[in-house]
Amino acid sequence: MRRANPWSALRRLTTEAEVEATVGRPASVIMLKQISALDEGCRTVLAGCPIAAVGYRDADGTSRTTFVGGTPGFARVHSPTRLSFALPGPGDPHGPISFFFLLPGVGEVLRVNGSLAARQGAETTVDIREAYVHCAQAVLRSRLWQPPSPAEPVAGITGDGPLCRPGVVEFLAAAPFLALSTWDNSGGSDTSPRGDRQAVARVLDGRTLVVPDRKGNKRADTLHNLLRDDRLSFAALVPGRSGVLQVRGRGAITDDPALLETMALRGMPPHLALLIDVEHAEVTGNDAVARSRLWTPGAHLGRDTVPDLMALGGEHLAAGSAAAESGPPAFLLRAVGAIPGMTRLLRLVIDRLYRSGLRKEGYEDDGPTTRGRHRGFPRRRPADAGRPVTGGRTVTGGRVEDPLREVRVAEMRGETPSAVTLVLEDVGENPGSFDFRPGQFFTLVADIGGRPVRRAYSASSAPGSPRLEVTVKRVEGGLFSTHAHQSLRVGDRIAVRGPSGSFHAEPQPPDEIVLVAAGSGVTPMMSMIRTRLAVGSGRDRIALLYSSRTTQEVIFAEELTRLVKDNPGRLSVTHVLTHRDGRLDADGVRRWITGLSPALGAHYYTCGPVPPVAPCRPGSRARTWN
């Protein structure tokens with residue numbers, strides 16, 4: 001027997017006319033972007049995607065939403081209208097199945113809807129009915145790819161119910177993002193992303209949740225489905241955690257002004273909200289989230305790794321226009337898309353629209369600052385001149401970038417006649433720490449000649465300190481490096497963004513690491529050395545082969561000498577001076593490594609204009625950064 005809902009007195013929307021009166025109708029171009037098969041762009045996205053949200057129902061009608069995958073390409077495309085993937089359960093899917101595919105660091109998602117074609121063990125085959133690109137608003141609202149924000153305080157809840165189960169309320173208080181699955185009454189389903197600043201689902205009592213429905217592209221599939229079938233399920237994520245909160249229940253749509261006001265951002269309430277009468281709630285482990293490394297530094301995809309999803313949506317729009325009698329002419333859309341630089345221009349326009357939309361919803365300057373606990377994950381990107389030197393997060397290519405962090409130059413230390421180390425700390429009385437992985441880089445931003453100039457430099461200090469050290473080598477004609485050497489002074493303020501980059505030491509490296517560096521390529525190696533000597537077990541061994549032009553150009557010369565003396569048997573440094581020994585070549589590196597006789601499974605790192613290093617023993621690994 002269904003319980004009496006204490007929130008049943010709230011006004012509810014029960015017809016499509018009522019929903020459309022509030023939400024409006026989607027523009028025709030929104031529907032034209034929907035295609036009926038997986039084209040080449042979709043297949044490229046799936047090949048690079050490590051995880052997806054999936055919604056399905058058991059044969060008995062139980063609604064379920066979870067995350068599947070774990071590694072890129074987990075969804076195997078057999079034809080333009082069929083794919084398969086591993087769905088370990090619980091329950092066997094029946095009928096409609098819907099997905100959205102997440103690319104780490106990317107705002108837009110690829111949504112795919114279909115129906116069960118076959119099931120053999122965990123292997124599940126789906127016939128595709130439709131695919132389309134979904135806008136980035138849910139990801140941007142939630143700051144899904146940003147360092148996690150502190151959880152909202154957990155208030156006591158009244159009564160009993162599924163939300164009173166261990167860990168559920170605490171998880172909800174920290175979860176800014178969820179995948180919500182709904183079904184219609186004609187064999188269709190939809191799994192869509194939902195995101196909000198702080199908690200995306202708010203607890204009303206032990207059995208009731210409310211999820212704000214803020215303005216979007218007016219497609220409103222979820223709302224229309226709930227008018228026909230009120231059963232739903234969702235799976236919520238907390239950035240940095242591998243667990244998932246799975247909820248199922250029944251949903252209703254409300255526009256109750258008093259309730260909406262409780263979810264206002266800077267005075268802007270959502271236009272609607274979903275009331276969820278929860279029947280089941282449980283925090284579970286999720287292998288796909290754990291293995292996909294969504295929040296691991298360096299795991300986010302670079303600009304050239306996958307196609308720009310908004311550009312892909314444009315291609316779908318052209319295809320849809322060609323098949324429809326209405327909408328923009330397909331030939332015109334294709335002609336515009338073929339103009340050199342047009343994709344990048346459209347990307348900038350879309351990103352501006354995203355930012356404008358978020359401001360209108362009240363998101364500007366909303367949420368806690370990350371200063372003092374800054375951790376960032378995006379890869380290096382081209383300089384983005386013209387953006388503010390300080391301020392909040394930026395959106396580039398649908399990807400969320402870290403906010404700039406204002407710092408002051410606390411110290412300047414000359415390393416060589418052409419290299420200076422900048423020691424940076426937070427502005428203010430309580431500087432926070434700089435957390436990164438040894439080897440990663442930061443982007444420094446300074447106002448030079450009235451415009452922001454950005455350059456990336458590897459950290460040379462160890463992570464976790466309230467001071468960040470970056471070593472800048474002067475480059476002839478280099479705008480930033482010349483400014484650092486000639487104009488910067490102690491006390492000056494600049495900004496940093498990061499950390500970034502996939503070149504870094506592993507969290508639990510082997511006992512032996514082999515480093516080969518040339519010139520300023522020693523800076524990330526210095527971070528690895530300082531970190532390893534500070535936290536190593538004493539059984540570890542670090543060997544550095546370092547090529548410089550002359551003795552005067554050896555960066556960190558005195559400190560390397562001291563560290564070797566203070567750590568006998570743990571650190572060895574071999575210098576190659578090109579004016580004396582000639583240029584370091586592959587044979588020279590090979591001879592040096594042979595003389596070392598590295599242990600089985602040693603890790604190798606090279607940085608700078610040095611010959612590539614291949615692992616010399618089984619189980620070894622090599623990473624190069626030039």
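The model is predicted: local features need pLDDT of at least 70 and side-chain atom pairs count only at pLDDT 80 or more, while totals for chains, interfaces and linings use all residues. Residues are numbered from 1 along each chain as its sequence is written, and side-chain values use heavy atoms, with hydrogens and water left out.

Now show helix 1 (residues 16–23) and helix 6 (residues 221–228) whole: they pack at an angle of about 160°, with their axes 10 Å apart. Axes are lines fitted to C-alpha atoms, for helices over the stretch in contact, and angles run from 0 to 180 degrees between N-to-C directions. Helix 1 and helix 6 are therefore roughly antiparallel (over 145 degrees; under 35 is roughly parallel, 65 to 115 roughly perpendicular, the rest oblique). The crossing of helix 1 with helix 6 is right-handed (the near helix turned clockwise from the far one by less than a right angle; anticlockwise is left-handed).

Next, select Lys-33, in the loop between helix 2 (28–32) and helix 3 (40–48). Lys-33 counts as buried, at 17% relative accessibility (buried is under 20% relative accessible area, exposed over 50%, partly exposed in between, with a 1.4 Å probe and protein chains only). Leaving aside neighbours within four places in sequence, Lys-33 is in contact with Ala-131, Tyr-132, Val-133, Gly-313, His-316 and Leu-317.

Move on to helix 13 (residues 522–535) and helix 14 (residues 557–566), whose axes come within 12 Å and cross at roughly 30°. That makes helix 13 roughly parallel to helix 14. Here Met-526, Ile-529, Arg-530 and Leu-533 in helix 13 meet Glu-559, Leu-560 and Leu-563 in helix 14. By class, the contact has 5 nonpolar, no polar and 2 charged residues.

Finally, show the whole chain, with 16 helices and 30 strands (DSSP runs numbered from the N terminus: H or I of at least four residues, E of at least two). Buried residues make up 54% of its 626 residues.

Methods: Contact means heavy atoms within 4.5 Å. Ala, Val, Leu, Ile, Met, Phe, Trp, Tyr, Cys and Pro count as nonpolar, Asp, Glu, Lys and Arg as charged, and the others, Gly among them, as polar.
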